[in-house]
Amino acid sequence: WELHDGVPVPMSPPGYVHGKAALKIAAQLLSQGEERGYGEAGDEIAVVLRRNPDRVVGVDALFVAKASLPAQLSPEGYLLTIPTLVVEVRSKNDTQPEVDTKVQEYLAAGVLLVWVADPEGRTVTAYRPDQPATVFAAADTLTADGVIPGFAVPVANLLPAA
């Protein structure tokens with residue numbers, strides 16, 4: 001479930017391809033970000049984007065920079081601290097307008113970098129406030145400039161060919 005302006009919305013559980021992509025990305029955030037002391041990584045976490053009306057979303061992976069720690073939690077255990085980086089992995093039933101809306105909500109809440117991973121297209125699109133989106137194809141190296149120093153991983157390693 002997610003809360004969209006206080007209204008509970010059922011969410012389908014992720015499929016195998018979606019879950020594997022989210023895991024691979026979260027593992028990189030853990031090894032290249034958290035284990036190097038730049039912040040904390042997580043996956044499948046509920047984040048409170050705003051209150052009154054409440055907007056609570058389940059993100060596929062995230063990173064909270066050291067400057068935003070310790071993370072603040074709601075009584076339910078949901079993350080109140082706005083992540084520095086949020087990862088959304090596209091599912092087959094996600095429409096582009098739905099993805100665009102989620103990205104804009106993350107950026108409006110204060111997220112500095114949003115990655116939308118598309119396992120089918122083997123791309124990761126990076127969104128930042130007031131900047132054009134950057135598309136990283138399978139042959140490219142994904143970076144997290146300004147969020148995780150030195151972060152670099154080939155997109156092909158995160159989203160292998162089926």
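Glutamate 105 is in contact (heavy atoms within 4.5 Å) with Leu49, Arg50 and Arg55, leaving aside its neighbours within four places in sequence. With arginine 55 there is also a polar contact of 2.5 Å, side chain to side chain. A polar contact is a pair of N or O atoms within 3.5 Å; within protein, one must be able to donate a hydrogen and the other to accept it, and residues adjacent in sequence count only if both atoms are side-chain atoms. Glutamate 105 counts as buried because its relative accessibility is 18%. The cut-offs here are under 20% relative accessible area for buried, over 50% for exposed, and partly exposed in between, with a 1.4 Å probe and protein chains only.

The model is predicted, so local features need pLDDT of at least 70 and side-chain atom pairs count only at pLDDT 80 or more, while totals for chains, interfaces and linings use all residues. Residues are numbered from 1 along each chain as its sequence is written, and side-chain values use heavy atoms, with hydrogens and water left out.

Glutamate 105 belongs to helix α2. Helices (H or I, at least four residues) and strands (E, at least two) are DSSP runs, numbered from the N terminus. Helix α2 covers residues 96–109, and its 14 residues reach 20 Å from the first C-alpha to the last, close to the 20 Å expected at 1.5 Å a residue; the expected span is 1.5 Å times one less than the number of residues. Besides Glu105, the buried residues of α2 are Val99, Lys102, Val103, Tyr106 and Leu107. After the helix comes glycine 110, with a positive phi near 115°.

The interior can be described next. In soluble globular proteins, nonpolar side chains tend to be buried together. A nonpolar core is a set of buried Ala, Val, Leu, Ile, Met, Phe, Trp, Tyr and Cys residues joined through side-chain atoms within 4.5 Å. The largest such core has 25 residues, and those touching the most other members are Leu29, Leu85, Val87, Trp115, Leu142, Ala144 and Phe151. Two or more residues each come from α1 (16–34), β4, β5, β6 (113–118), β7 (123–127) and α3 (155–158). Helix α1 gives the most to this core, with five residues. A second, separate core of 16 residues includes Val47, Val57, Val103 and Leu107.

Leucine 29 lies in helix α1 and counts as buried because its relative accessibility is 0%. Apart from neighbours within four places in sequence, the contacts of leucine 29 include Ala61, Leu62, Phe63, Leu85, Val87 and Trp115. Its C-alpha is separated by 8.0 Å from that of glycine 42, which is 13 residues away along the chain. Leucine 85, with residues up to four places away not counted, touches Leu29, Ala61, Leu62, Phe63, Val111, Leu113, Trp115, Ala144 and Val147.

Threonine 84 sits in the loop between β4 (55–65) and β5 (85–89). With a relative accessibility of 8%, threonine 84 counts as buried. A polar atom of the threonine 84 side chain is 2.9 Å from the backbone nitrogen of alanine 65. Among the residues in contact with threonine 84, beyond four places in sequence, are Phe63, Val64, Ser68, Val111 and Leu112.

Some backbone angles also deserve a look. Most residues other than glycine have a negative phi, and most peptide bonds are trans. Glutamate 44, however, has a positive phi near 50° and is found in strand β3. Arginine 122 also has a positive phi, about 55°; this residue is in the loop between β6 and β7 and is partly exposed, with a relative accessible area of 23%. A cis peptide bond, with omega about 5°, joins asparagine 52 and proline 53, and proline 53 lies in the loop between β3 (39–50) and β4. Another cis bond leads from leucine 69 to proline 70, with omega near 5°, and proline 70 is in the loop between β4 and β5.

Finally, there is an opening to visit: of the 13 residues lining the second largest pocket, Val17, Pro119, Pro160, Ala161 and Ala162 lie nearest its centre. On a 1 Å grid over the protein atoms alone, a pocket is an open set of points with protein on both sides within 12 Å along at least five of seven lines, where a 1.4 Å probe fits, and lining residues have an atom within 4 Å of a point. Helix α1 gives the most to this lining, with five residues. Valine 17 lies in α1 and counts as exposed at 54% relative accessibility.
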